[in-house]
Amino acid sequence: MKYVIVETVSVFTHKYLIAQDNDDPVEWASDTVLAGDIDDSTQEHCDEVITRHYEVDDGDIREAMKNTPYNSWGLPQIKETLSYYKEKEE
């Protein structure tokens with residue numbers, strides 16, 4: 001069996017509710033969002049775009065799992081739990 005990693009970029013819309021003093025410029029609300037000082041109140045997934053895909057070996061899979069919660073898992077557990085396989089219909 002071979003394994004392929006597919007990398008994507010997801011696009012979401014987010015809405016934030018910002019309270020300001022009456023004399024504050026409305027534009028300051030955008031600064032608050034861009035500074036990461038607030039959590040969104042709603043979000044909706046809009047699209048997902050495939051940026052690349054490539055066949056990987058065990059070393060590549062291990063490298064892809066670095067700095068993830070799965071880093072301590074064994075390779076068989078990673079393959080069994082995280083990969084998707086669709087059996088062909090006969």
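Glutamate 63 counts as partly exposed, at 47% relative accessibility, where partly exposed lies between buried, under 20% relative accessible area, and exposed, over 50%, with a 1.4 Å probe and protein chains only. This is a predicted model, in which local features need pLDDT of at least 70 and side-chain atom pairs count only at pLDDT 80 or more, while totals for chains, interfaces and linings use all residues. Residues are numbered from 1 along each chain as its sequence is written, and side-chain values use heavy atoms, with hydrogens and water left out.

The side chain of glutamate 63 meets that of lysine 66 in a salt bridge of 3.3 Å, N to O, the term being used for a side-chain nitrogen of Lys or Arg within 4 Å of a carboxyl oxygen of Asp or Glu. Lysine 66 is likewise partly exposed, with a relative accessible area of 46%. The structure holds three salt bridges, and side chains of opposite charge can pair when their charged atoms come close.

Aspartate 58 forms another salt bridge, with lysine 79, and here the closest N and O atoms are 2.7 Å apart. This pair links distant parts of the chain, since aspartate 58 belongs to helix α2 and lysine 79 to helix α3, 21 residues apart; helices (H or I, at least four residues) and strands (E, at least two) are DSSP runs, numbered from the N terminus. Aspartate 58 is partly exposed at 36% relative accessibility.

A further salt bridge joins the side chains of arginine 52 and glutamate 7, at 3.2 Å from N to O. It too connects distant parts of the chain, with arginine 52 in strand β2 (residues 42-56) and glutamate 7 in strand β1, 45 residues apart. Arginine 52 is partly exposed at 45% relative accessibility, and glutamate 7 is partly exposed at 28%.

Just after α2, asparagine 67 takes a positive phi of about 60 degrees.

The largest nonpolar core has seven residues, namely Tyr3, Ile5, Val56, Ile61, Met65, Leu75 and Ile78, a core being a set of buried Ala, Val, Leu, Ile, Met, Phe, Trp, Tyr and Cys residues joined through side-chain atoms within 4.5 Å. At least two residues of this core come from each of β1 (3-15), α2 (58-65) and α3 (75-82). Leaving aside residues up to four places away in sequence, tyrosine 3 touches Tyr54, Glu55, Val56, Ile61, Lys79 and Ser83, contact meaning heavy atoms within 4.5 Å.
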